[in-house]
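Open the model in your viewer and keep the selection panel at hand. The stops below go one selection at a time.

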Amino acid sequence: MNPAELSATLLAIVTGVLERRGSSEKPTIADVPLERPRNRDHGDWTSNIAMKLAKPVGANPRELAGEIAEELGKAEGVASVDVAGPGFINITLDAAAAGAIAKTIVDAGPEYGRGDLYEGVTINLEFVSANPTGPIHIGGTRWAAVGDSLARIFSAEGGIVTREYYFNDHGAQIDRFARSLLASYLGEPAPEDGYGGVYISDIAARVINDYPGDLSTIPTREEVQEVFRSVGVELMFGDIRASLHEFGVDFDVYFHENELHESGAVDRAVARLRELGHIYEADGATWLRTTSFGDDKDRVVIKSDGEAAYISGDLAYYLNKRERGFERNIILLGADHHGYVQRLMAMTAAFGDTPYVNLEIIIGQLVNLVRDGEPLRMSKRAGTVVTMEDLVEVVGVDAARYSLVRSSTDTQVDIDLDVLTKRTNDNPVFYVQYAHARTSAVARNAAASGVDRSVFDASLLTHETESILLGSLAEFPRIVRQAAELREPHRIARYAEELAGYYHRWYDACRVTPLGEEEVTDVHRTRLWLNDATGTVLRNGLALLGVGAPERM
RNA sequence: GCGCCCGUAGCUCAGCGGAUAGAGCAAUUGACUACGGAUCAAUAGGUCGGGGGUUCAAAUCCCUCCGGGCGCACCA
């Protein structure tokens, strides 16, 4: 009896009860909540369905709950059903029914937890997309961790996911980058609006080194700058890719903005919108009437000097993604870009698509740097930039990814530089990883003392810590689904921490290998299944976060 | 001024209307000649920013105020 079966049984019973009462309510599986209660005294599973239906049906919630409970009590695998409080239905499974999940999990292995929420759906997930004008800082690192994890979660739900990086190699910021490199080469101070970090001189030196000819023979300053631009961007971008790879994040597509401008894609996108009647000319510029679709003001797509405005790249890029066949296009952006959401949604509607479905934008709050409890402003000049590489160097990839992915993207996270450099062991990732390593150790010990999985008798899993552990294991698939639906990878991390805790407590109370001269019994064998099932779920969960599951630590 | 996010234990954060609000860290006290003590058990710690409202039920939804972050270009 797994949660899905129990849900189906409950739904059937509820439907039957409603019919007998002559109600027109037709609940679906989603309307019949089944949750694990916080309090152990409230059984293995609990449902508030009676309270939900009481009003539309015009019945007393406790009475309704009683009717449902009575039938549910007869179902196979159900040990007892109680009505509690205002109308909660508390369900206790018999040990064999509850324990069956352990074998199911071990048999499914890496497949356990997968679902079909996005079966066959093409999803384009764009994240990081940092300008190649410097290394990825800690903010971008957060999106790398979150985005990659989301991609893994969508894939687990059957989605066909493309990880995409929008490579912004067109426009003024790149010009500033090129001028900064040139200034470094010429020994001039960094331009007022340029970049002044140490990496600039490093890149400049590498450009000089990589350039096949002699830079000093190039006649004009503009031409030298162009060399720094093209070679410097390539080098910077190579560094970014390398950092991301080191971090465990590899993109399927690196899309160059420049391509959109040079291929005429921008012109085509504007022409398309013009056909649709959403383009007009005013003050010498070309405008998109985004106000027709909820934006605060119309947006310039072609400036009066004839140059394409930034948003024109977005128009063409979106169209390009749609032409490549992506039903869902999701973009992760930092909170400093949340002002773009409305205009991008307006754009989506202007193309005749559905905002928030075909295009979805996830706004994540920024990462705060803190030292001695004082907020620290990240500044390239002040040397307080913490890059992805810095972070990884100090805490390692697993701890870095985990700490960035374990809190909601809606909250700003504080990263304390001192804590980071001193105490790395307070990261909960070690608690989870240790639990996994422990399952491996137990399995090794079991093998050494002759405990195998030749027998599985779930009715022997009777200890309280066992039923708690089993209940938690059974929840994993719905946690994954929820994380996918809400685009919230942190739920996986929190779940893994909880599961690790249940496992540690079970380990403390129940032995898998016999002591001394004790005989190996079916209890030991069955517990080994439970141990291995826990290892599987921890491993699968950590995999969704892109974090390793070590067998030894 | 307008918009988005946040305000929960000393700190960092969970808790998409449910029962007695949780975890990690920090503090105090216990548990190894028993599968790894990176663990476990116990204690302490809270006006869920304030105030209204919605309902059987609000940390959660609505309104309002306070506080913090971030945005409001023919910049990218």
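This is a predicted model: local features need pLDDT of at least 70, side-chain atom pairs count only at pLDDT 80 or more; totals for chains, interfaces and linings use all residues.

Of the 66 residues around RNA strand B, pick the ones that come nearest: Lys303, His338, Tyr340, Asn445 and Arg494.

Turn to the RNA side. Which parts of RNA strand B lie within 4 Å of the protein? Sugar or phosphate accounts for 62% of those RNA atoms, and bases make up the rest.

- Threonine 411: an N or O atom of the side chain is 2.7 Å from a phosphate oxygen of RNA strand B.
- Alanine 335: here a polar backbone atom sits 2.9 Å from a sugar or linking oxygen of RNA strand B.
- Aspartate 508: a polar side-chain atom lies 2.7 Å from a sugar or linking oxygen of RNA strand B.

Next, color by secondary structure. The elements that give two or more residues to the surface near RNA strand B include the helices α2 (49–57), α6 (172–186), α16 (428–448), α17 (464–486) and α18 (490–509). The strands among them are β3 (88–93), β8 (285–288) and β14 (413–416).

Find aspartate 82, then look across to asparagine 90 in β3, which stands opposite.

Last stop: the turn of this hairpin. Three residues lie between β2 and β3. Click glycine 85 there; its phi is positive, near 55°.

Note on methods. Residues are numbered from 1 along each chain as its sequence is written. Chains are lettered from A and ligands numbered from 1 in the order in which they are written. Side-chain values use heavy atoms; hydrogens and water are left out. A residue is near a molecule or strand if one of its heavy atoms lies within 4 Å of it. A polar contact is a pair of N or O atoms within 3.5 Å; within protein, one must be able to donate a hydrogen and the other to accept it, and residues adjacent in sequence count only if both atoms are side-chain atoms. Helices (H or I, at least four residues) and strands (E, at least two) are DSSP runs, numbered from the N terminus. Two strands pair if DSSP finds at least two bridges between them.
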